[in-house]
Amino acid sequence: MLNKISFLFFFLMTIPVLHAQKEGYWDKERSTTKEVVVSARDRILIKIDDLPTGTTEIIYRITLLDKNQQMSNSLVSVLKAIPDPTGISQGSAGAVFLLSKISGDDKCKYAIFSKLDAANNYIASGDTSDACLVQDEPVSKDAKRLSTEKSDCLKWSANSNLLWFGFESNNWILNQKIILEVVPWVDYKLSRGWTKENRKTIIDQCKTSSLAQKMSNSDDFCVCVSDKIQAKYSFKEFQKLLIEERNKAFKDYGALCFNETGASSAFNSDLRSQAAVLAKKGKYGAAIAKMNTIITNTKGAALDYNTLGYYYLITKQYGKALKILQEAEKQDATELLIQLNLAHAYLLNGNYKSAKIIHKTYSNQNVTDSLSWIQKTKLDFDAFQKAGIQNEDFNAILKILE
């Protein structure tokens, strides 16, 4: 029983760690630890080394030491016990845990700057009006967590990744020894350079593609393309590709996302509606172009081939009609609307025998739930004659049906 309880405790304790490892990590290799001496009644500036791409949070700790004091443990060693930044904010115990176990009697004020001009102005005049964080109450030790969501200090991510800590001695007689430690938390996804601005650049570029512009709503489609590019490349890698290579990436991932996001269904539905409206207005050439787009991009459904075949028939393109309707039959030989148009195509291509066989086979059936084969044949022949299509075999077929 004891073993089971121990195992359960271990399992529950490791869940937050495993989850955190999926989100990001404390970059202990690029942490900053600096020990400086501030002269009495003086101010000093400490520049933090370039924070890694993808930094979304930092933990910093400030400790003032007496002359012979040494740090009992480093901030990096403390963070080994905390899997992610949320563990730091869970109650006051987390904050106390970050503070150094020792500190001197001296105290200091400090401010943090994200711009060099503001930091230099602080050194010269003590002005903290442009600081992103100000600690006016003198402290002997302090520790804080800053995040991109809640702190202006980390709003630099799009342009710069530097911070400056400014310290002002509160001792008017003796020098002060200050230990500053900064450890960044790096988001795995953002560490590849895919900031909000960079992701938006890819999505905007996707929306200019000819395929996206034909969609009534291309948002989901372009987000899908962006996600696939991010999974394959870091932002810097993608930027280094040749224009031709980038275009190929958009094309290849666009083809995948076209079907994955359901964009193809919505896209085809729009084109079918547009083609039907054009056909009613007698603009068959434009309607044919719409249907060909469906077939070229997604191969289309059997009835898409059938519709295109009919448009070819009505525009006297009999050879094209026969070819496309034979493709439709391969997809669905049971669809009687396809069989009827195929019979028309054979007839108008001079193959009366094949047309006659199809009509005899299906003459006693309905092509829809309310329209018989014979009725639809008569309607089609009337439409053909109005379009200027004359054929002496029309009457022969009607006699067979009667």
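Q: Which residue of β9 stands opposite Trp26?
A: In this predicted model, Trp26 stands opposite Trp185 in β9.

Q: What makes strand β1 and β9 a pair?
A: Two strands pair if there are at least two bridges between them. Strand β1 (residues 24–26) and β9 are joined by three bridges, in the antiparallel sense. Three bridges meet the requirement of at least two, so β1 and β9 count as paired.

Q: How do you know that strand β2 and strand β4 each pair with β9?
A: The cut-off is again at least two bridges. Strand β2 (residues 32–38) has seven bridges to β9, and strand β4 (residues 55–65) has 10. Both pairings are antiparallel.

Q: Why is strand β9 called largely enclosed?
A: A residue is buried if its relative accessible area is under 20%. In β9 (residues 176–187), 12 of the 12 residues are buried, so the strand is largely enclosed by the rest of the structure. Residues pointing either way from β9 are buried: Ile178 and Leu180 are among those on one side, and Lys177 and Trp185 are among those on the other.

Q: What makes β3 and β6 the edges of their sheet?
A: Four strands form this open sheet, in the order β3-β8-β5-β6, with antiparallel pairing. β3 (43–48) and β6 (133–139) each have a single partner strand, so one side of each has no neighbour in the sheet. On average, neighbouring strands of the sheet are turned by 15° against each other, direction ignored.

Q: How do you know that β3 and strand β8 are joined?
A: Six bridges link β3 to β8 (residues 163–169), and the two run antiparallel. Pairing needs at least two bridges, so six are enough. Ile44 stands opposite Phe167 in β8.

Terms used:
Residues are numbered from 1 along each chain as its sequence is written. This is a predicted model: local features need pLDDT of at least 70, side-chain atom pairs count only at pLDDT 80 or more; totals for chains, interfaces and linings use all residues. Side-chain values use heavy atoms; hydrogens and water are left out. Axes are lines fitted to C-alpha atoms, for helices over the stretch in contact, and angles run from 0 to 180 degrees between N-to-C directions. Buried means under 20% relative accessible area, exposed over 50%, partly exposed in between (1.4 Å probe, protein chains only).
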